[in-house]
Amino acid sequence: EPIGEAFVDDWLDHSYDTDEHLYELFADLGRLMAEAALMSELAADERDALAETLEKWQRRLEEYGIDEGFHVAIRALQTGWDDPALAAVMAGKGRSWPLSGGDDWLEDYLTAVRLRVLEACGRTEEYLNLARAARAHTSYAGMLVKLERTPEAIAHALKSFKRPDEAVVLAKALREAAAHDDALKIAETGLGLAGDNDDEIAGSSAVPLACWLRDYAGGIGRTAVALKAALVAFEHSLSLEDF
């Protein structure tokens, strides 16, 4: 809270009209505050008081065009772990989260924060249950790899992954676990998930995955796979570097 207060005041007093990058730290600070709030055993009145402080900061920032800041921390303080439906999901008794469905970016972001907290606290089964219910497929499969349940991770990936960016995250986790054949399998499968528009923002572009697989496979002597990936990378990027 002292760091946030000094940062907000200093930015508004000295930096808002010349800043090109510093404002991006507000989102990082908000995420860290959300994680701290979910890790702490704050009393209800403490949570309410801090949420009120963050709401004031957020209103001040929004007057200067900063829309992403403390929203996720405010939501974390307001909800905590109190929702009975959330408790049921983490206990493996719910199939979907959030219950409202739809496209709520803030709830999706908060779910990612919750997963980070659960992993940090060693609550792995609750992590898996929430990740599965939230359809956070890479998080779910990645945790299975960390728990040395690689066959389950592979099966889930082959069934659930829809984009190349999902495949590259799991492939990297498998490489770190020295499961090289599995990493190559997931990465090769991911090449077939590329969209037609090569939209890197949406995660549908094959280029990042293909470049990673090209270098990885080449480095461990799997030349045929490396060549296949190199061809895919160039066909989708048409760049001199990939040629």
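Visitor: What's the relative accessible area of Arg149?
Guide: Arg149 has 25%, so it counts as partly exposed. Buried means under 20% relative accessible area, exposed over 50%, and partly exposed in between (1.4 Å probe, protein chains only).

Visitor: What kind of model is this?
Guide: This is a predicted model, where local features need pLDDT of at least 70, side-chain atom pairs count only at pLDDT 80 or more, and totals for chains, interfaces and linings use all residues. Residues are numbered from 1 along each chain as its sequence is written, and side-chain values use heavy atoms, with hydrogens and water left out.

Visitor: OK, back to Arg149. Which side chain does it meet in a salt bridge?
Guide: That of Glu125, at 3.4 Å, N to O. A salt bridge is a side-chain nitrogen of Lys or Arg within 4 Å of a carboxyl oxygen of Asp or Glu.

Visitor: How many salt bridges does the structure hold?
Guide: It holds 16. One of them joins Arg60 and Asp9, at 3.0 Å, N to O. Arg60 is in helix α3 (residues 44-62) and Asp9 in helix α1 (residues 2-15), 51 residues apart.

Visitor: What about Glu35? Which side chain does it meet in a salt bridge?
Guide: Arg116, at 2.6 Å, N to O. Glu35 lies in helix α2 (residues 25-39) and Arg116 in helix α6 (residues 105-120), so this pair ties together parts 81 residues apart in sequence.

Visitor: Is Glu35 buried or exposed?
Guide: Glu35 is buried, with a relative accessible area of 11%. Arg116 counts as partly exposed, at 44%.

Visitor: New topic. How many residues are in the largest nonpolar core?
Guide: There are 46. Those with the most contacts inside it include Leu130, Leu170 and Trp212. A nonpolar core is a set of buried Ala, Val, Leu, Ile, Met, Phe, Trp, Tyr and Cys residues joined through side-chain atoms within 4.5 Å.

Visitor: Which helix gives the most to this core?
Guide: Helix α12 (residues 207-219), with eight residues.

Visitor: And what does Leu170 touch?
Guide: Not counting residues up to four places away in sequence, Leu170 touches several, among them Ala141, Val145, Phe161 and Ile186. Contact means heavy atoms within 4.5 Å.

Visitor: Which residues does the second core include?
Guide: It includes Leu54, Ile66, Leu110 and Val117. This separate core has 25 residues.

How values were computed: Helix = DSSP H or I, 4+ residues; strand = E, 2+ residues; numbered from the N terminus.
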